[in-house]
Amino acid sequence: MERIIKGPVLVLGDNIDTDVILPGRFLELTYPVAIGRHCLAGLSETIAPQFPKGGLVAAGKNFGCGSSREHAPIALIQMGAAAVIADSFARIFYRNGINLGLPLIVCKGLSSKLTEGATVTLNLEEGTVTIESTGEILPAEPLSGKALEILRAGGIKPLMRRRFAGESDPS
């Protein structure tokens, strides 16, 4: 896990549900790369092919609401999203995203201050988001110690594999 993530931002609105992130017609896909090709197809089929690897997604309230399918965070990861920053997240989506190794950061009001393609710097350790064009620094809600541990390991499965193998935390 990168502790500092800097990149261009795709700005979305409120209530981006899991069917917008990955429409149900793509649930039969099983290969993560194929799933990522259709990320956010509920908004536009052109988003995933044009999304820059290492870019960030900023959204308003209730990001990831809807079903509990893990396809939604898998799609975001495979599309190349390095993190999602939102006013709030649906609880199940939040757990699925963290467990899969996708940093999900609550930073209230960020998306309303951004324009499409703006560059932000996310500092996971300090819990801050900087809007590069203005230099404005916004506080983000800190991640729990357990969430950081899971993210550092690359997800909960790699974390558990390391524990069962007797390896220590990579932090």
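Helices (H or I, at least four residues) and strands (E, at least two) are DSSP runs, numbered from the N terminus. The protein chain described here is a predicted model, in which local features need pLDDT of at least 70, side-chain atom pairs count only at pLDDT 80 or more, and totals for chains, interfaces and linings use all residues. Residues are numbered from 1 along each chain as its sequence is written, and side-chain values use heavy atoms, with hydrogens and water left out.

**Overall fold**

Along the sequence, the elements of the protein chain occur in the order β-α-α-α-β-α-β-α-β-β-β-β-α-α, which comprises seven helices and seven strands. The radius of gyration, taken over C-alpha atoms, is 15 Å for this chain, close to the 16 Å given for 171 residues by the globule rule, so the chain is as compact as a globular protein of that length. That rule is 2.2 Å times the number of residues to the power 0.38. Along the principal axes, the C-alpha atoms fill a box of roughly 45 × 40 × 25 Å.

Contacts are defined by heavy atoms within 4.5 Å. Among contacts with a separation of 6 or more, residues 24 or more positions apart account for 64%.

Two strands pair if DSSP finds at least two bridges between them.

| Partner of β2 | Sense | Bridges |
|---|---|---|
| β1 (residues 4–11) | parallel | three bridges |
| β3 (residues 83–86) | parallel | four bridges |

On the β3 side, Leu-56 has Ala-83 as its bridge partner.

**Residue Ala-59**

Ala-59 belongs to strand β2 and is buried, with a relative accessible area of 1%. Leaving aside residues up to four places away in sequence, Ala-59 touches Leu-12, Gly-13, Ile-85, Ala-86, Asp-87 and Ser-111. Ile-156 lies 97 residues from Ala-59 along the chain, and the C-alpha atoms of these two residues are separated by 25 Å.

Note on methods. Buried means under 20% relative accessible area, exposed over 50%, partly exposed in between (1.4 Å probe, protein chains only).
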